[in-house]
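Hi,

Please look it over, then read the notes below.

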Amino acid sequence: MPKIVDPGARRLEIAEAVFRVIQRDGLAQASLRSVADEAGLAIGSVRHYFRGHDELIVFAMRALGDRVEARLLRHLPELLDPETPRSRRQELTEALLGELLPLTEQTRAETDVWLAFSAAAKYRPDLAEEAARAHSGVRALVRRVLEGARGAGGLLDDLDLDVETERLAALLDGLAMAGGRTPPKLMRTVLGRHLETLRHPGAETK
């Protein structure tokens with residue numbers, strides 16, 4: 001009996017091969033042939049799931065963004081729950097935002113690949129759309145986190161959330177870009193210190 005293959009799962013497996021090739025050799029080397037070899041598939045199998053190289057790369061970029069987004073969203077219910085103690089909320093905030101930084105082997109790999117996609121997006125409109133979606137998504141997430149903290153009484157009263165959203169998102173972007181030169185412990189400290197500047201000094205821990 002022929003083996004039944006889940007098309008969605010196979011497409012994601014091929015995307016994972018794209019990530020490995022990009023991290024090891026760069027985006028320019030992520031050809032259909034090299035990706036097929038990395039995935040242990042015939043090139044015809046890759047063409048069965050993707051019409052061409054451009055579709056494959058766009059799909060891989062979207063898949064990476066979706067994977068990170070899903071991981072981020074898992075933190076939100078507890079973080080935004082008004083019954084969550086403030087000390088726990090601070091811990092969750094740093095954990096959530098830390099998912100966007102190269103602090104672990106997995107997030108370092110994701111950051112390397114995402115930066116390669118982002119660089120290519122400057123001259124590839126198909127990737128630019130995905131880059132813009134991710135840019136907006138991160139800022140929307142940061143805004144939700146800040147609004148949740150304000151609603152819980154944990155932020156300074158006079159903060160401009162538009163400015164603080166962009167300031168925090170820019171900090172995350174900068175740390176991600178410098179990740180290869182900045183130790184994870186220092187990145188965590190920088191993020192934590194920034195968040196401290198936003199907290200209401202009179203807020204008591206529940």
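A helix here is a DSSP run of H or I, at least four residues, numbered from the N terminus. By that rule, glutamine 90 lies in helix α6, residues 86–98. Please keep in mind that this is a predicted model.

First, glutamine 90. Its relative accessibility is 28%, so glutamine 90 counts as partly exposed. The cut-offs are under 20% for buried and over 50% for exposed. Arginine 199 is 109 residues away along the chain, yet the C-alpha to C-alpha distance is 9.7 Å.

Next, histidine 194. This residue sits in helix α10, which covers residues 184–198. Histidine 194 counts as buried because its relative accessibility is 10%. What does histidine 194 touch, leaving out residues up to four places away in sequence? The contacts are Arg167, Leu168 and Leu171.

Last, a helix pair. Helix α1 (residues 7–25) packs with helix α7 (residues 105–121) at about 85°, and their axes are 9 Å apart. Angles of 65 to 115 degrees count as roughly perpendicular, so α1 is roughly perpendicular to α7. On the α1 side, the contact is made by Val18, Phe19, Ile22 and Gln23. On the α7 side, Ala109, Asp112, Val113, Ala116 and Phe117 meet them. By type, the residues of this contact are seven nonpolar, one polar and one charged.

Best wishes

Terms used: Residues are numbered from 1 along each chain as its sequence is written. This is a predicted model: local features need pLDDT of at least 70, side-chain atom pairs count only at pLDDT 80 or more; totals for chains, interfaces and linings use all residues. Side-chain values use heavy atoms; hydrogens and water are left out. Axes are lines fitted to C-alpha atoms, for helices over the stretch in contact, and angles run from 0 to 180 degrees between N-to-C directions. Helices (H or I, at least four residues) and strands (E, at least two) are DSSP runs, numbered from the N terminus. Angles under 35 degrees count as roughly parallel, over 145 as roughly antiparallel, 65 to 115 as roughly perpendicular and the rest as oblique. Contact means heavy atoms within 4.5 Å. Ala, Val, Leu, Ile, Met, Phe, Trp, Tyr, Cys and Pro count as nonpolar, Asp, Glu, Lys and Arg as charged, and the others, Gly among them, as polar. Buried means under 20% relative accessible area, exposed over 50%, partly exposed in between (1.4 Å probe, protein chains only).
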